[in-house]
Amino acid sequence: MHFDWLLFVLVLALVGIGIMGVYSATFEGHTRLSSLAVRQIGWAGLGFIAMLVVFAVDYRELERLGYFFFGVTLVLLLLVPILGSFGGGARRWISFGFFSLQPSELAKISSLLVLAQYLHLVAPPQGYALRDLIYPGVIMALPAGLVLTEPNLGTATIIGLVAMTLVFAAGIRLNSLATLGTVAGGLLLPFWHFYMKPYQKERIVSFLHPDSDPLGTGYHMIQSKITIGSGQLWGKGFLQGTQNRLEFLPEKHTDFIFAVLAEEWGFLGVCILFLLYGALLARLLVIAGKARDRFGSFVVLGGAAIVFWQVLINVGMNIGFLPVVGVPLPFLSYGGSSLLAVMLAMGLALNVSTRRFLF
């Protein structure tokens, strides 16, 4: 069997760094693992099992089941306002007793399967016109709209960016692209006034003027930049980060785990992390280019888009280049649902990579 060991090892390395980061971010001064670190290890194990299960089933069977998974995801998203648990200012999780699931993370994968299937079956020789994008646009708007109502702007943004990446890669006519850009620009103002919550507006304002409220809305971004800068070239060493240990950095095991790693491992450590992400994305693009069919190619490309956009937005948040929108760093941030979703995407990539050799 032509198993893609390079992709598997890259995923293993990133998950390992993530566990170390969560352990350090939640370190309490003794050798015993924190409960959050133990949970992250458990979710990592479950993620590898899920990745191998997805790998074992022919991805063409998953194509036929795409709408079933999509329907299940929509049902779970509809249940969030009714059965969901409240936390962090939003209702996003459904509790199943011994664990909680965030359906919006699974929506990334089910939406990807459905969109990849459409782009596989519908391939206009002259590129996609606007009328060709009405159906996939509605399909993508369903989960994105439900995710926005939670509210969860970060995940909805990722779903939209992944869809745009796939449509652009599949080939969209220039006039259609220009029209979509104009319409999207025209919707920004009403979106700001009529949809965005006050705390989301405050995040945008604090991004533009972080010093206007340094102890309030601008606190996260200011402390993150201080933490990253304190790492300098070599870093302070594992478990030696002062900003982390002295509790200056908020959300340090989730949204700002990159700052924790940057403080401990410095600029050189961050460069190694980026090399791993770059190698992973390069491998995914190679797999997408060698896939046996369009569905496999778009599924892998969608997985690469999920990783790319989340890394770009999360790191941008940490260094003050983008507003804080609650996007986790793939493989590294604490959170079972987000880790499970990205591991499922990697399982699909392993699936496509192996089965290009099989008939």
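Which helix is Glu264 found in? Glu264 sits in helix α12, residues 257–290.

## What you're looking at

This is a predicted model, so to speak of the ground rules: local features need pLDDT of at least 70, side-chain atom pairs count only at pLDDT 80 or more, and totals for chains, interfaces and linings use all residues. Numbering starts from 1 along each chain as its sequence is written, and side-chain values use heavy atoms, with hydrogens and water left out.

The chain has 14 helices and three strands; these are DSSP runs numbered from the N terminus, H or I with at least four residues for helices and E with at least two for strands. Of its 359 residues, 52% are buried, where buried means under 20% relative accessible area, exposed means over 50%, and partly exposed is in between, with a 1.4 Å probe and protein chains only. Contacts here mean heavy atoms within 4.5 Å. Among contacts in the chain with a separation of 6 or more, 74% are between residues 24 or more positions apart.

Glu264 is buried, at a relative accessible area of 1%. Leaving out residues up to four places away in sequence, Glu264 touches Ser24, Trp234, Gly235, Lys236, Gly237, Phe238, Leu239, Gln240, Gly241 and Asn244.

Two of those partners deserve a look of their own. Lys236 lies in the loop between α10 (219–230) and α11 (242–245), and is partly exposed, with a relative accessible area of 31%. Beyond its neighbours within four places in sequence, Lys236 is in contact with Ser230, Gly241, Thr242, Glu263 and Glu264. The C-alpha atoms of Lys236 and Gly266 are 7.2 Å apart, although 30 residues separate them along the chain. Leu239 is in the loop between α10 and α11 too, and is buried at 14% relative accessible area. Its phi is near 70°, a positive value in a residue other than glycine.

## α10 against α12

The axes of α10 and α12 come within 6 Å and cross at roughly 25°. Axes are lines fitted to C-alpha atoms, for helices over the stretch in contact, and angles run from 0 to 180 degrees between N-to-C directions. That angle makes α10 roughly parallel to α12; the classes are under 35 degrees for roughly parallel, over 145 for roughly antiparallel, 65 to 115 for roughly perpendicular, and oblique for the rest. The crossing is left-handed, a label for a near helix turned anticlockwise from the far one by less than a right angle, with clockwise being right-handed.

On the α10 side the contact is made by Ser224, Thr227, Ile228 and Ser230, and on the α12 side by Phe258, Ala259, Ala262 and Glu263. By class that gives four nonpolar, three polar and one charged residues.

## α1 against α14

Helix α1 (residues 5–25) and helix α14 (residues 336–355) have axes that come within 10 Å and cross at roughly 170°. That makes α1 roughly antiparallel to α14, and the crossing is right-handed. Leu7, Phe8, Val11 and Val15 in α1 meet Leu339, Met343, Met346, Ala349 and Leu350 in α14.

## The nonpolar core

In soluble globular proteins, nonpolar side chains tend to be buried together. Here the largest nonpolar core has 107 residues, with Val11, Leu280, Phe331 and Met346 touching the most other members. Such a core is a set of buried Ala, Val, Leu, Ile, Met, Phe, Trp, Tyr and Cys residues joined through side-chain atoms within 4.5 Å. The largest share of this core, 15 residues, comes from α12.

Met346 touches Leu7, Val11, Met51, Leu280, Leu284, Gly303, Val307 and Phe331, not counting residues up to four places away in sequence. Phe331 is in the loop between α13 (294–319) and α14 and is buried, at 2% relative accessible area. Phi of Phe331 is near 75°, which is positive in a residue other than glycine.

The peptide bond from Glu150 to Pro151 is cis, with omega near -5°. Pro151 belongs to the loop between α6 (134–148) and α7 (153–170).

Conventions: Ala, Val, Leu, Ile, Met, Phe, Trp, Tyr, Cys and Pro count as nonpolar, Asp, Glu, Lys and Arg as charged, and the others, Gly among them, as polar.
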